[in-house]
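Look over the sequence and the model first, then read on.

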Amino acid sequence: MARMGMVFDLKACIGCNACVIGCKQENSLPDGVFFTKTLSEEYGVYPAANRVYIPTICNQCEDAPCEKVCPTGATYTREDGIVMVDDAKCIGCSTCAVACPYDMRTQMEAESFLNGLFGDGELTPFEEQGYGRYTPGTVHKCDFCSQRVDVGLDPACVVTCPTNARIFGDLDDPESAPAKMIVERKGRPPLPEKNTKPKVFYVN
Amino acid sequence: MAIADKVFSGDTFKVGYRFQRHWDNSMAYAFFCAEAGAGLFFVSMLLGSVPGMIIGLIPVATGKPYFHLSHMGVPARSWRAALRPDRSWISRGLLGLSALIGFGGLLVLCLMFGSQFGVEANSAAITILKLLAGGFALMTMTYQGFAMSHSSAIAIWNSAVLPLSSFIYSLAAGVTIARLVVSSAESATLVDAQLLLLLSVGIMHLMLLHAAWHGTPGARTSTELLLQTNYAKWFWGLTVAAGIVLPALLVWVAPTSMVASIVACAGMLVGFMAWRILIFKIGLYEPILSMNPFNPMQ
Amino acid sequence: MATPNPNPTANSIKSGKWIRSTCKMCLHTCSNMIHVTDDGVINKIEGDPTNPSNAGKLCPKGNSGIMRHYDPERFKQPMKRTNPEKGPGVDPMWEPISWEEALETTAREIKKSVDEDPRKVLPSIEDFQKMHIWNWPMAIGTTNFFQSGGTMCGGAYHPLNGYVHSTFGAVNDAPYCNFWLSNGAGDGFSSHLHAAAQSHWVAKARVERGMKVVTVEPRMSIAAAKAEEWVPIRPATDRHFAMAMSYVLVEEGLCDYEFLRKDTNAPYLVGPEEKFVRNADGQMYVWDSSDNRAKLWNDESIDNENLALDGTYEVEGIQCRPAFQVYRDTLAETSPEKTAELTTIPPDTVRRIARDFAKAATIGSTIKLDDGRTVPLRPAAYNYYRGAQGRKTGMQTNQAFQLVNMLIGNIDHPGGRIGVTLTDQCVDNNHCFPGECGQMLGTPHQLGPMPPFAWPPNEYHLGGMFPVGVHPPHLNMLSYTEPEKWGSTFTPDVIVNCHSNPVWSIQGPRDKWLEFIKSMRFIVCVDIIPTEMTDFADIILPSHDYLESYNATMIEPPHTEGICFRQPATEPLYDTKSEEDIFNEISDRMGVLDNYNEVINIILGFHQKEHLMLQPGIKYDEKEIAERVGKLWNDKPIEWYMEHGHSSTERRLDKKYRPWEGMRLNFYIEDLVTEREKLKATFKEHNVPQEIYDEWPFDDYQPLPTSVLDPIHLEPEEYDLYGITFKDIQMNFGESLSNPWIKDITYRDPVHSGLLLNTQTAEKKGLVDGDIVLVESPHGKLYGRVRTTQGMHHETLGVSNSLSRTKTESRSVLTAGGHYNDLLPYDMTNTDGATGQPETSCRVKLTKLDDWPDFLKDGMSVYSFVNDLENKRGKGGQH
């Protein structure tokens with residue numbers, strides 16, 4: 001069966017955060033919630049200073065700690081390797097959130113559904129048609145746009161990235177773009193020492 | 001690298017450490033109620049003190065559930081937390097807690113009123129109840145440490161010391177409170193036990209923090225947070241001074257003084273509570289990826 | 001594949017339809033697709049993969065359109081002001097009125113001033129996607145202009161591109177480029193042409209072909225962060241860097257001499273008065289070194305390789321040099337060694353970069369194009385834009401950059417520096433025309449002709465005094481503050497504002513600008529959401545947003561051509577009208593509808609296909625105009641455009657590469673010498689006062705760059721830092737900071753949440769990260785909080801555009817401690833006499849403060865928001 005994964009090309013990423021907003025659009029995320037973020041890091045000493053842009057996302061770990069600690073079974077892995085969250089089963093205990101070494105789990109706070117994206121207590125039609133998928137208090141995360149994947153589309157963040165810094169596909173298929181890139185450009189997962197077996201890799 | 005040079009991201013998009021705040025004060029109160037209560041219940045049971053057992057069961061049956069429900073994102077669904085004892089310490093804990101309340105309550109009832117129904121204090125039924133209640137109390141005293149140490153995410157929690165520390169702290173709290181509520185001939189033993197347990201609590205802290213200081217960058221930074229920022233005054237002042245040193249001194253110097261015992265108890269519990277809160281506050285997520293060849297995140 | 005979810009919750013998968021359209025979150029036109037649910041709610045916007053320009057990509061702004069569309073602060077109906085008091089953030093106390101009343105009032109008030117004197121009307125209209133709206137003022141006969149357009153981005157850039165490429169813009173040819181030098185520009189990383197599209201092209205080049213990037217800038221921008229090398233440079237010294245590079249190319253023999261001899265006027269002989277040497281018939285001379293004599297440029301015995309580029313010669317008794325030699329002589333003053341102290345770039349670095357650049361250019365190599373032509377391949381190019389070109393010496397500064405490109409022969413060659421037209425209008429339109437004596441005609445009037453000269457001036461912004469420039473709206477302040485000196489014979493009293501925010505974007509003294517605006521008798525604003533400008537309106541005419549309207553345009557796509565079509569995804573949410581309807585109505589009521597229709601015909605080029613021309617007496621709506629623009633391009637009906645969304649194809653090779661074939665490019669711009677002389681004569685003819693003649697910067701008209709210092713370097717020494725401003729992709733070319741999604745990503749980025757100061761410099765000044773400072777220039781001030789970084793030139797203060805909003809009625813805009821533009825000058829000393837381009841950097845000094853001034857303590861500022869983010873320790877995921 002497939003094993004969906006992603007590669008982040010650190011050479012390509014320009015830190016524009018189009019992915020962040022593409023994701024917020026796709027997933028009707030409330031204020032302050034991000035399922036993916038592109039971070040920046042400055043290092044070195046002027047004039048030999050550097051900055052790098054580092055996209056981050058749920059790593060859909062093969063040995064997902066969030067799934068292991070979930071007391072209700074709300075967090076589960078589906079056949080193609082995507083780690084899913086069943087909103088109806090989640091009790092919002094946040095144990096998954098403290099189990100994730102990457103801090104990729106987010107609790108949907110009731111306040112944000114009431115205040116709205118403009119903070120004025122009124123929801124826009126966009127929010128009204130979207131917020132229903134979340135029970136306030138539950139703890140969610142990126143699911144690689146599983147519903148898009150099911151109809152043969154790539155995740156929203158991948159599709160919008162202007163520099164093709166996000167490469168998505170089946171890691172079990174040696175001809176897939178991410179599988180090839182991991183081999184050719186020596187992809188490495190984040191925090192491998194945490195032993196969660198991430199399915200997201202970074203190349204320089 | 002000093003803590004002042006490390007990057008804390010807050011809610012920005014900088015690569016850096018992020019504070020763990022999912023488990024916050026509510027959880028800390030719940031943990032405290034469970035451990036102190038179960039510890040007291042256990043010690044009281046061993047000493048045969050029904051009042052002690054009742055006082056121990058109260059926070060376990062009220063405080064712990066209340067604070068957990070107030071932490072829970074969807075309290076109405078909380079019963080689902082019991083569904084995965086095969087993998088989740090939360091499930092195991094909930095089941096164990098329920099069993100403790102059930103069997104413990106039943107034990108208390110039997111001890112108080114059992115003789116009216118022909119159940120004597122030394123009967124097999126009571127013994128079985130004691131074993132069950134005691135077992136689940138031990139589990140309650142320990143499982144929260146396991147829940148924290150179970151995953152590798154929050155480095156300073158990822159230590160086998162934590163369940164041990166939970167257990168020792170519970171026992172220490174149990175003994176400390178028991179000395180006030182249990183009138184018993186073993187008071188000298190209790191004093192020794194209290195001193196030994198306070199010492200053990202101190203050793204637990206030492207072990208945890210020493211390992212963390214020399215551990216992963218996340219654990220090291222958490223320790224720096226605890227000892228080098230404004231958290232330090234709470235740690236040294238409450239957890240160490242009020243929670244360990246003061247009670248130890250008081251008990252050693254005035255073992256028979258009720259006032260000393262009360263102050264020692266108050267100090268110990270305040271120190272314990274402070275620790276529960278602090279260990280959550282200093283929890284950190286490590287930077288996911290650093291491209292910096294000079295590695296300032298160490 | 002798993003079974004699709006029958007009740008999807010992912011927005012793009014929900015039941016609905018996709019509409020192909022065009023983005024309008026900046027002035028360019030990436031193609032997009034809008035998803036509308038069955039209930040008519042727009043719930044996703046994605047890029048359209050069928051347009052080869054942005055290839056399905058959208059930048060963060062394009063992704064945020066929904067939050068513009070559903071912004072609760074959108075204007076919902078026409079309104080009039082009932083509070084006579086006007087000021088920043090002062091509640092206008094809007095009262096809703098009918099369209100009839102709104103349009104009637106507007107038309108009446110504008111007409112009142114037009115009848116007295118059309119020059120009393122100040123149009124403040126600028127929309128690159130709707131040039132026909134922008135040029136509405138032609139219908140009422142005013143050439144005034146009150147909007148920053150051009151001067152804060154590419155004022156001098158455009159005329160100079162007109163001279164070099166005969167185009168509006170220019171870009172490095174990413175598909176073939178191997179060495180991309182980036183100087184004060186954001187193409188491919190953060191801004192400028194079709195940001196999402198260009199980022200895509202540049203990333204492909206970098207990742208797939210290993211294109212090397214070297215970035216020369218005061219700030220470690222995104223272009224610098226991604227580059228193989230960042231070279232920090234002192235602001236406003238980029239011309240000297242370019243000339244130092246040129247020095248190396250020339251002195252070390254690294255130029256494309258064949259190109260210079262054959263395809264440019266570099267061999268043409270220049271006499272002592274900066275003009276080409278001509279014979280009695282006006283034909284120009286060159287020197288044939290094989291015969292060792294002067295010949296006319298079109299002498300058939302000439303073999304290009306024998307044309308002299310160096311040396312001094314005598315022709316008919318006149319001492320002369322080839323234009324190349326003239327520049328060579330100037331470059332002697334700008335060697336890397338001589339410019340090092342000014343630019344702070346070590347000479348060895350300049351030499352190395354110049355040599356690497358020349359080597360990467362593979363001078364002499366060729367490539368066969370798909371259209372069968374074999375052309376030079378020059379895969380090295382110098383990209384420059386706003387930050388580097390915004391100088392008082394704008395024209396010659398831009399030329400210095402282009403000359404680096406010209407010296408290695410990459411102009412309009414694969415891999416090199418490509419001209420980008422604003423719009424072609426018809427597919428077969430070429431943009432290059434023959435000029436004098438085999439040269440290409442220089443076309444500086446890329447945004448349309450400048451108004452004819454008049455003294456006293458007919459424009460409040462003195463535009464008629466800039467025959468080859470771009471509107472200089474900051475000079476409105478000269479007429480306002482010194483009307484007698486500048487010959488004002490009229491006082492503007494009406495502002496017609498549409499799709500523009502001059503309160504935000506014009507540079508100069510804020511208090512005086514606000515006074516100027518308050519002095520207007522009548523202000524009408526056509527807009528979507530409240531802005532700093534609409535605070536001052538008397539009437540608000542709300543327009544459709546881009547998800548509710550039609551349009552068709554081509555607007556300087558870098559590697560493609562064709563029309564991008566916009567169509568409504570939903571019915572208008574509110575009682576708004578299209579801008580076309582609004583201006584048709586106003587024109588009709590003013591009796592200038594026929595004028596306006598003719599303006600549209602001219603501007604949109606409908607004369608080229610007569611059946612498309614707008615006829616007198618008819619009001620053509622947005623759809624009809626869009627339809628005509630589409631048909632003008634490729635004769636396709638609107639139904640075709642509604643289905644396809646665009647007619648964008650890769651740039652036709654004959655228009656992209658060497659469109660000027662057979663003509664010589666302007667290495668030497670003699671036209672500028674001619675214009676200078678003409679202008680001087682015109683000044684005299686029109687009796688312009690001697691005071692103005694004496695101070696007028698005629699010397700800014702130069703046929704080649706010089707080594708003169710920009711006046712910014714001569715400001716008092718107490719201002720010991722240089723201030724610069726910048727935008728990244730979430731903010732470029734538009735207003736987006738009112739958008740919650742854009743705010744989300746902007747203020748979480750450290751470079752946009754404080755005043756950037758080099759860490760070591762801060763230390764020397766006793767400043768630390770987080771200190772509150774007062775920033776002062778000789779012209780104005782602003783407050784802010786220091787953010788120390790290793791990524792800034794040691795003498796530079798960086799003020800992101802995110803820290804520039806001032807108090808407005810809009811609740812969602814976060815104000816900062818003032819506006820960077822307040823620090824900038826507005827006078828002629830700091831304005832390019834040739835183009836009207838003002839200086840866009842400034843000299844500043846910092847004073848540490850103990851606390852914020854009162855106006856920043858209300859908790860609504862950028863800095864409070866950033867504080868919250870940085871110190872967030874809240875519960876749950878939003879931490």
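Is D744(C) buried or exposed? D744(C) is buried, because its relative accessible area is 4%, under the 20% cut-off. The model is predicted. D744(C) takes part in a salt bridge with K24(A) and in another with R748(C).

**Interface of chain A and chain C**

- Chain A gives 61 residues to the contact, and chain C gives 72 residues.
- The two chains bury about 5,400 Å² between them. Carbon and sulfur atoms account for 55% of that area.
- On the chain A side, the most area is lost to chain C by Q25(A), Y46(A) and F118(A). Together these three make up 15% of what that side buries.
- The rule finds 3 salt bridges across this interface.
- One salt bridge joins K24(A) to D744(C), with the closest N and O atoms 3.6 Å apart.
- Seen from chain A, the elements that give two or more residues to the side touching chain C include the helices α1 (18-27), α5 (125-128), α6 (146-150) and α7 (156-160). The strands β2 (36-45), β3 (48-57) and β6 (106-107) of chain A are also on that list.
- Helix α1(A) supplies the largest share of that side, 7 residues.
- By residue type, the chain A side divides into 27 nonpolar, 19 polar and 15 charged residues.

**Salt bridges**

- Side chains of opposite charge can pair when their charged atoms come close.
- Over all chains, the count comes to 88 salt bridges.
- R219(C) and D728(C) form a salt bridge, at 3.5 Å from N to O. R219(C) lies in the loop between β9 (212-217) and α7 (222-226) of chain C, and D728(C) lies in the loop between β27 (721-726) and α25 (740-746) of chain C, so the pair ties together parts that are 509 residues apart in sequence.
- Both partners of that pair are buried: R219(C) has 4% relative accessibility, and D728(C) has 2%.
- R748(C) pairs with D744(C), the closest N and O atoms being 3.4 Å apart. R748(C) counts as buried, at 3% relative accessibility.
- E627(C) and K631(C) meet in a salt bridge, at 3.5 Å from N to O. Both lie in helix α20 (residues 622-634) of chain C, 4 residues apart, about one turn of the helix.
- K631(C) counts as partly exposed, at 24% relative accessibility.
- A network of salt bridges links E100(C), E104(C), E585(C), D588(C), R589(C) and K619(C).

**Around T36(A)**

- T36(A) is found in strand β2 of chain A. T36(A) counts as buried, at 2% relative accessibility.
- Where does the side chain of T36(A) make a polar contact with another side chain? The partner is the side chain of R166(A), at 2.8 Å.
- A polar atom of the T36(A) side chain also lies 2.6 Å from the backbone oxygen of T56(A).
- Leaving aside neighbours within four places in sequence, T36(A) is in contact with C19(A), V20(A), C23(A), T56(A), I57(A) and R166(A).

**Backbone features**

- The peptide bond from Y46(A) to P47(A) is cis, with omega near 0 degrees. P47(A) is found in the loop between β2 and β3 of chain A.
- In chain C, a cis peptide bond joins W455(C) and P456(C), with omega about 0 degrees. P456(C) is found in the loop between β19 (417-420) and α15 (476-481) of chain C.
- F144(A) has a phi near 50 degrees, a positive value in a residue other than glycine. F144(A) is found in the loop between β7 (139-140) and α6 of chain A, and is buried at a relative accessible area of 0%.
- N164(A) is not a glycine, yet has a positive phi of about 55 degrees. N164(A) is found in the loop between α7 and β8 (166-170) of chain A, and counts as partly exposed at 32% relative accessibility.

Technical notes: Residues numbered from 1 in each chain as written. Chains lettered and ligands numbered in written order. Predicted model: local features only at pLDDT ≥ 70, side-chain atom pairs only at ≥ 80, totals over all residues. Heavy atoms only, no water. Contact = heavy atoms within 4.5 Å. Buried area = accessible area lost by both parts, 1.4 Å probe. Salt bridge = Lys/Arg side-chain N within 4 Å of Asp/Glu carboxyl O. Nonpolar A, V, L, I, M, F, W, Y, C, P; charged D, E, K, R; others polar. Buried < 20%, exposed > 50% of the residue type's maximum accessible area, 1.4 Å probe, protein only. Polar contact = N/O pair within 3.5 Å; in protein donor to acceptor, adjacent residues only side chain to side chain.
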